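These are my notebook entries on a structure that I had not looked at before.

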Protein chains: 2
Amino acid sequence: MRICHAAGQSVVPAGGMTGLAGGHDSDAADIVLSTERLNRIEAVDARARTMVVEAGVILQQVHERAAEDGLMFALDLGARASCTIGGNIATNAGGVRVLRYGMTREQVLGLEVVLADGSVVSSMFDVLKNNTGYDLRQLFIGSEGTLGIVTRAVLRLREAPLAIETALLAVPTWDKVMELLRYFDAALPGALAAFEVLWRDFYALNTGEYSAIEPPLETDAPFYLLLDVFISDLDRGRENLEALLTTCLEQGEIVDGTLAVSEAERARLWQIRENFEPEQKKYALRFGYDVSLPIDSMPQYVDNVRVALGELQPDAEVFAYGHIGDGNLHFSIYPGAADRATVDEIVYHPLRALNGSVSAEHGIGLEKKAFLDYTRSAAEIELMRRTKRAMDPANILNPGKLFDL
Amino acid sequence: MRICHAAGQSVVPAGGMTGLAGGHDSDAADIVLSTERLNRIEAVDARARTMVVEAGVILQQVHERAAEDGLMFALDLGARASCTIGGNIATNAGGVRVLRYGMTREQVLGLEVVLADGSVVSSMFDVLKNNTGYDLRQLFIGSEGTLGIVTRAVLRLREAPLAIETALLAVPTWDKVMELLRYFDAALPGALAAFEVLWRDFYALNTGEYSAIEPPLETDAPFYLLLDVFISDLDRGRENLEALLTTCLEQGEIVDGTLAVSEAERARLWQIRENFEPEQKKYALRFGYDVSLPIDSMPQYVDNVRVALGELQPDAEVFAYGHIGDGNLHFSIYPGAADRATVDEIVYHPLRALNGSVSAEHGIGLEKKAFLDYTRSAAEIELMRRTKRAMDPANILNPGKLFDL
């Protein structure tokens with residue numbers, strides 16, 4: 001990095017290359033700096049519940065090592081088998097456990113970073129609380145490789161749950177989806193570990209003719225809710241959850257529901273959420289989105305996108321789902337003949353008025369750069385530029401990502 | 001701020017003035033900028049579980065307003081009746097619920113900040129996830145008024161627990177204190193809301209001749225553990241906890257224990273932890289400390305401080321206690337004739353080798369400025385300076401706090 005700094009040579013850091021916003025894209029003029037040989041788990045302290053890792057360690061290896069001590073690392077996402085912890089930190093990755101444990105930012109106690117000029121900033125704290133001046137770790141987490149290269153980290157581990165129950169519920173209205181979020185969060189404090197919602201079309205597609213999975217519930221409800229609940233009482237936990245779900249059914253909060261009876265069935269329910277093969281089989285072209293907005297605005301927003309797109313392209317389709325407990329909506333759009341820029345505008349434009357975000361968890365990279373100012377103000381972007389210039393005056397670290405200087 | 005910036009006039013932001021590190025100290029050459037008239041709670045959204053406040057709102061008012069909707073704001077600390085939310089944010093305040101919910105940093109969704117030059121940076125997000133470039137909020141949170149002045153915030157609210165149980169336990173060894181932390185955290189996931197430890201001397205002082213509180217347990221155990229547990233099942237929650245405590249007693253993890261039977265008794269148990277009147281009655285001079293270090297090093301560290309101090313001043317005394325679940329140790333030292341600088345050195349010096357922190361939650365301010373480099377590396381401090389110079393080139397915002405430029 002010292003040599004590149006002196007030579008003005010651009011450097012693109014690369015972890016598992018699984019990012020969804022083009023943050024690791026490079027061209028022939030760049031040096032791509034891979035962390036793949038920084039692959040050591042250096043230490044685990046089960047009593048302090050910490051793990052020291054190099055940046056290139058694969059997320060799944062972190063999970064497996066933590067499990068050996070009855071612990072868990074709270075970050076989990078679909079790319080777990082190939083993404084690296086350094087990339088997770090650089091992008092502040094989200095995933096399926098944010099509702100309970102927060103994003104990557106909240107799982108990192110310590111960090112070692114190499115700056116653009118090659119100097120090393122070590123903040124390898126292993127304590128939970130450290131109020132000693134600016135929390136520089138936070139500046140690097142989520143900066144997508146533009147301010148420094150993460151080389152090592154101290155991760156916070158958590159107690160692993162004794163068991164996880166998974167339920168799929170058919171919900172008659174969005175109001176009831178929102179009521180159920182507060183209801184389960186209050187009734188299962190600290191145990192509600194996922195609150196995912198699938199719109200009917202998405203549920204029907206992923207349990208339909210292109211899918212190997214039969215629909216566990218009828219496909220005529222507008223919303224399907226997928227819950228993970230951590231169980232701490234092996235004797236009564238499942239029974240308590242069954243009682244809660246029965247109450248929901250009796251009170252009309254849900255119209256139907258199923259509680260997985262085995263690990264295989266749990267996996268099957270999650271496949272309805274996470275399997276994109278039916279989409280790939282049915283549609284040649286797919287645009288994926290990751291936005292956040294106030295939960296109560298979501299169904300109207302999705303409908304508006306659907307209508308706007310339909311006016312443009314009658315054969316376009318919108319499949320919505322996401323980490324709704326976090327305010328994070330994903331959708332897949334089959335654009336017909338519409339181009340990306342047009343669809344992007346339909347999706348992102350309404351977020352300005354909703355105080356939403358053009359990226360909930362995937363980052364900005366190159367793909368959303370043109371829309372950064374839909375979410376962040378001119379003053380914020382100017383402050384980002386000022387920060388970037390102060391830390392990388394030669395602009396060699398992942399240049400052109402996030403914003404132009 | 002624009003005028004001060006142009007004139008090079010120093011400005012010291014002031015909230016509730018309850019900080020413990022001298023971050024709001026000023027002299028005759030400074031303008032003190034009070035936020036006391038920024039005292040409006042602007043909005044509460046019970047479904048989204050958010051509250052929009054101006055910076056001068058008192059923490060307790062936030063608690064009271066959240067409670068009206070069955071919600072809670074997770075930050076809680078002794079100064080709740082006079083500290084302001086702006087000050088809490090500027091210092092990244094900690095308190096008694098960090099174990100469960102994290103520090104102030106994790107309770108803030110949006111922020112509005114006035115920079116040194118008078119420009120306003122608004123990041124008033126009300127969504128949980130927003131991965132759109134640098135998370136500038138994090139730079140201001142905990143910067144102790146040196147990078148900007150917090151004027152408004154969007155706070156994250158949580159579901160309030162149905163009830164809270166409080167237990168006081170006498171623990172025979174430090175090993176068992178550590179085992180109990182993992183045991184309760186695993187057995188009561190998401191429900192363990194405080195894990196405070198009192199060393200015997202502190203427990204004895206606060207239940208002794210200078211205190212109005214009789215000791216609920218004998219005073220001969222080396223450690224006393226104060227637990228708060230959130231109850232979600234009003235029928236069986238208390239019974240479950242009693243069963244856990246009985247198991248601990250049978251297995252020798254604790255030697256004695258009591259579970260509060262009323263709100264009055266809960267308050268009395270917490271008084272043993274939070275009441276400093278006995279100290280004030282007995283001792284004319286008291287130095288307070290707030291450090292963090294790996295939990296397994298704590299008893300030896302406290303003993304070492306006690307021995308080092310005793311060699312210097314045979315009549316000195318050390319009373320240790322703290323948020324041990326967070327790795328945060330507080331203590332009060334009665335220094336005899338020893339001066340502050342000497343005692344500071346005895347307390348802070350060993351933290352370097354332990355990778356500990358000279359400030360777990362109180363911040364650096366003026367009081368710990370000389371010891372910042374015991375916890376943060378030269379590269380980190382240089383990066384802090386670079387950040388400060390980029391954001392406040394005239395050095396008018398709380399100058400001389402944290403570090404010298």
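**Entry 1: the end of chain B.** I began with Asn395(B), which is placed in the segment after α14 (378–391) of chain B; helices here are DSSP runs of H or I with at least four residues, strands are runs of E with at least two, and both are numbered from the N terminus. Asn395(B) has a positive phi of about 55° although it is not a glycine. Most residues other than glycine have a negative phi. With a relative accessibility of 26%, Asn395(B) counts as partly exposed, where buried means under 20% relative accessible area, exposed over 50% and partly exposed in between, for a 1.4 Å probe and protein chains only.

**Entry 2: ground rules.** I noted that this is a predicted model, in which local features need pLDDT of at least 70 and side-chain atom pairs count only at pLDDT 80 or more, while totals for chains, interfaces and linings use all residues. Residues are numbered from 1 along each chain as its sequence is written, chains are lettered from A and ligands numbered from 1 in the order in which they are written, and side-chain values use heavy atoms, with hydrogens and water left out.

**Entry 3: another asparagine.** Asn92(B) also turned up with a positive phi, of about 50°, although it is not a glycine. I found Asn92(B) in the loop between α3 (85–91) and α4 (98–101) of chain B, and it is buried, with a relative accessible area of 4%.

**Entry 4: the seven-stranded sheet.** In chain B I traced an open sheet of seven strands in the order β13-β10-β12-β11-β15-β16-β14, with antiparallel pairing; two strands pair if DSSP finds at least two bridges between them. Because β13 (256–259) and β14 (287–292) of chain B stand at the edges with a single partner strand each, one side of each is left without a neighbour in the sheet. Neighbouring strands of this sheet are turned by 15° against each other on average, direction ignored; axes are lines fitted to C-alpha atoms, for helices over the stretch in contact, and angles run from 0 to 180 degrees between N-to-C directions. Within the sheet, β10 (residues 163–171) and β12 (residues 223–231) of chain B pair in the antiparallel sense over nine bridges, and Ala163(B) stands opposite Ile231(B) of β12(B). Helix α6 (residues 174–187) of chain B packs on the sheet and touches β10, β11 (192–199) and β12 of that chain, its direction making about 170° with that of β11(B); contact means heavy atoms within 4.5 Å. Helix α11 (residues 298–312) of chain B lies across β11, β12, β14, β15 (317–322) and β16 (328–334), running at about 15° to β16(B).

**Entry 5: a buried leucine.** Leu157(B) lies in the loop between β8 (149–156) and β9 (158–159) of chain B and, at 3% relative accessibility, counts as buried. Leaving out residues up to four places away in sequence, I listed its contacts, among them Val44(B), Arg49(B), Met51(B) and Phe73(B).

**Entry 6: where the chains meet.** I found 87 residues of chain A in contact with 89 residues of chain B. About 7,200 Å² is buried between the two chains, with carbon and sulfur atoms giving 50%; this is the accessible area (1.4 Å probe) that two parts lose on being put together, summed over both. Across this interface the rule finds twelve salt bridges, a salt bridge being a side-chain nitrogen of Lys or Arg within 4 Å of a carboxyl oxygen of Asp or Glu. I looked up the salt bridge of Asp185(A) with Arg49(B), whose closest N and O atoms are 2.7 Å apart.
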